Amino acid sequence: MQSFFTPRLFVLSVLSLSLCCVEGLFADDPEPPVPSWIWAAGGETVEEAFLRKQWTQGKPVKAAHIRVSADDSYELYLNGQEIAAGKNWRKAPTVDVKKYIGQGDNVVAIRAVNKAEKGGAVLVMKLVHEDGSIRYLATDDTWQVSTKEVSGWKTPSVDQTNFQKASVIASYGAKPWGEVFAAARSKQAGQSKSKKGADVIEPAKVLPAGFTLEKLYDVPLDDFGSWVSMATDDQGRLYCSDQGEKGIYRITFSSDKAPVVEKLPIELSSAQGLYWREGVLFAVVHNKKDATKGGFFRIEDTDGDSLPDRTKRLSILSGKGEHGPHAIVPAPDGESLFLVAGNFAETPDPDQFRVHPNYQEDQLLPSMPDARGHAKDTKAPGGWVVRTDGEGSFFELYAAGLRNSYDMAANAHGEFFIYDADMEWDLGSPWYRPTRIYHVTSGAEYGWRTGSGKWPAHYPDVLPPALEVGPGSPTGVVSGLGAKFPAKYQNAVYAFDWTYGTIYALHQKPVGSSYTLEKEEFVTGVPLYLTDGVIAPDGSLYFAVGGRNTASAIYRVSYTGEESTAPAPAAPGPEQKLRDLRREMEALQSEQSGAIEKLWPQLGHEDRFIRYAARVALEHQPAAEWAEKALAETDIETSLSALLALSRQGDEPHRAPIIGNLEKLFQRDLDEVQHLAAQRVLHLALVRLGGVKENEIAGIRSKLETQFPAASETMNRELVYTLTALQSDQIVAAAMPMLRSADAETTEVNEELISRSGRYGKVFAEMQTASPPKMQVWVAYVLRNAKRGWTPELQAEYFSWFATARDYKGGLSFQGFIDEIRKQALTNVASQADRPQLEALSQKTTDGIAAGFAEARKLQVGVLPGLKFDTDLIEAKAGEKIALHFKNSDPTGIQHNLVISSKGSAETVVAASMQIGPDSVKNDFVPQIPEVLAATPQIGPGQTHVLYYEVPKEKGDYHFICTYPGHSQVMQGIFRVK
């Protein structure tokens, strides 16, 4: 693995590390305490507080740092010496205080001044002793406070009877201050408004003209929890549930009074979905401690006080974590309800099926589970939508093949849209799927499968997305119907993104019996952890933020502009006839007399959604009644739909005639869509009806070999896959040029959007520097299964590719997938004697040298056990170019990196390495500060990284440091420039 560096410039590589992100204010062991905001009793009436903490220091101190903030201003003292002052609580500096601390009694003191609203002070001090042990002091109720200045209050020798116990007024992270230390770190690292990270705060705002956004209520996190679901009753009162165990609440807003918040007198909590109808509050509850206590509930009022107080479980819904059961959505008939669930939820034993129940993985070649184990045992149907009623008396599987959708909503035509999650760990892989909006129709399958097995949108047995949104974390989806908004926004569907703090207004354009969508940013904020929303009877959009134990609040969006807000539902339009025809086909998705005659003419309809609905309906009819008709069909489109249905529902005797029909179809003049569909039918016939048999597929294989390579990348991807599965002895040689010449692909992302999340957005940003060529990855992935057509030269070229692929950047699972492809390919090498040499090729360091560094002097640094570099001194000439080969030769199996710091800044870099926080893994534990001149990524045992570096022209002693957590204070050396 190699990177190219010049002074004050470094490139970070994202590695798949088998460790957890380092959280908290200081990244080190022992786990640092979480400080509290403290003040004097009296709260807002206290304008000045004198706060102090005394302790006895027994061990000599090697290093000491303080993080501090106070609202509105402060002076910080240590043993009577003023060491810092600030007039803005958002600026929370790190202060080096080692020289002020002695053995014996010490005092840290804060004089804090409050000018308006609530006052508070927060502090954490870290003491590193010479023996390596660590001690923390943090603001809590053991601190002392006085509202008057007492003589000697800043020193140990003071009469403590003049002080009281400090009052804890909020936990760290609570509003209005938020994670003030994290925000300060971002600014100190050089971030700005134009390149902000997750810790930079931008207030929530509504973007279209004429709209007003108000924050109505800040939810007390410690008392009421973090709210993730919302419903409204016919009086406009809101119902919200904590994600944890703090209950479900009713909130009543009025124009002249503070909000009235009432906890429902029930034991239920953790409701992922809420819906109110005719005096009943419906809830979908996930109990992470005891899954048997979760499920689908009715909550009703029994004592006449209008507050729901009695629960009745209608059904047990099992699921794990945030991928379990989610929202409740009213169906267009006014009686039924839809339940939405993620891919860790078990389907609730459906009584009826629109999606045929014989769902399978349907992989002609073996797929691979996620490299980090996520959802590795989760199989079809994945996430689902079921239809039920207000008593839970039946369950009908309505749609499936989703990953982790949270919610869906209807438009004016009674058509539903759902927002499905991506798997950001797959980023960079050819099977990565960005977040998507799907048009949800009866019997729909969207093709999510675990790991690399996700079905592409061109498969005819899935329905495509209406919109690919991009990076995100989907939560609520709200219909604009009923809003007192201009017509355009009444007819929009609103999709909530938790990670990037964005509400999208989705404007629909009818296309045939479905739609395409255009997204518009409607509300944004950083951070703005959007969870759920409703259109209330007053015509406003209310929404909640919260989730994952973040602070919650309730907001309201109203329209105050000049446009009309009279109800203006979108007209049916000429496409209504096609939607009606599709619904006629959907109504046949159960076994019915006479259905075959009604649906058959639509199997070849030019509208994809109509022919899909007709094909699903055909599969619900007994195959014996239509198999012969399917095999006799001559129309191309109708034949493809019918053969697809028969491949899924037929028996082994149907196999040979299906393949025979496909061989004839491949001889016809098929367009690309038809050709791709025919290949998919072939896959299904082989997967479901008996596997590849040489005597049956020789003719198809020969024909497909003549069509590769094709002009279309999509066609080439499918042909590589199909021909490898058909054991072509030509595909390896034919596909190898794509492995060596396919261009890297730039991942197009909205830079302003991804800057709203430092944690997730950074992965997308980093991929711009080394995007994986997805066609190369696909060819390598598929050819790992090839058994024929290999020559020694082709094998050498194939396995040499893996050395290059180690430099590609992607999501957390990307490099794990690459390594698993390599391992499986080695297993499939026919000659065991050849495997060691090929494995060595696959792990060889690439020969690429940075431009201008061909004559660079080579230096080497290794690692010894006990957190030591194998040298304490590196010497280089001022201005020369070096190739620093850093090898992790640590036999204890620990990760390491090497960071070069500017002159005299070693302590600054060490301190900063302890404060990187949640983004530490993605930053390879390298502080993003000017004092860092160059850095390698974290590398595992036995790995080598070449750091190309132009030595500074200023002579003197610099330092090299390992900034992996817990290493930086002892794992250092001098980088001497002569």
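A cavity here is a set of grid points where a 1.4 Å probe fits but cannot get out. Keep that in mind as you work through this predicted model.

**Exercise 1.** Find how many cavities of 30 Å³ or more the whole structure holds, and give the volume of the largest.

*Solution.* Start with the search of the whole structure: five cavities reach 30 Å³ or more. Then turn to the largest cavity, which holds about 110 Å³ of space.

**Exercise 2.** Work out what lines the largest cavity and which helix gives the most to that lining.

*Solution.* First, count the lining: 17 residues, with Val355, Glu445, Tyr612, Arg615 and Arg648 nearest the centre. Next, look for the helix: H6 (residues 608-619) gives the most, with four residues. Finally, sort the lining by class, and you get five nonpolar, three polar and nine charged residues.

**Exercise 3.** Now do the second largest cavity: give its volume and the classes in its lining.

*Solution.* The volume comes to about 80 Å³. Its lining includes Arg403, Asp420, Trp448 and Lys454. By class, that lining has five nonpolar, no polar and six charged residues.

**Exercise 4.** Decide how helices H18 and H19 run relative to each other: roughly parallel or roughly antiparallel?

*Solution.* Take the axes of H18 (residues 814-827) and H19 (residues 835-843): they come within 10 Å and cross at roughly 165 degrees. Angles over 145 degrees count as roughly antiparallel, so H18 is roughly antiparallel to H19. The crossing is right-handed. On the H18 side, Arg822, Leu826 and Thr827 make the contact, while H19 brings Arg835, Leu838, Glu839, Ser842 and Gln843. Sorted by class, this contact has two nonpolar, three polar and three charged residues.

Notes:
Residues numbered from 1 in each chain as written. Predicted model: local features only at pLDDT ≥ 70, side-chain atom pairs only at ≥ 80, totals over all residues. Heavy atoms only, no water. Axes fitted to C-alpha atoms, helices over the stretch in contact; angles between N-to-C directions. Helix = DSSP H or I, 4+ residues; strand = E, 2+ residues; numbered from the N terminus. Parallel < 35°, antiparallel > 145°, perpendicular 65-115°, else oblique. Left-handed = near helix turned anticlockwise from the far one by under 90°. Contact = heavy atoms within 4.5 Å. Nonpolar A, V, L, I, M, F, W, Y, C, P; charged D, E, K, R; others polar. 1 Å grid on protein atoms, 1.4 Å probe; cavity = no way out; pocket = protein on both sides within 12 Å on 5 of 7 lines; lining within 4 Å. Points joined across faces, edges and corners; volume = space filled by probe spheres on them.
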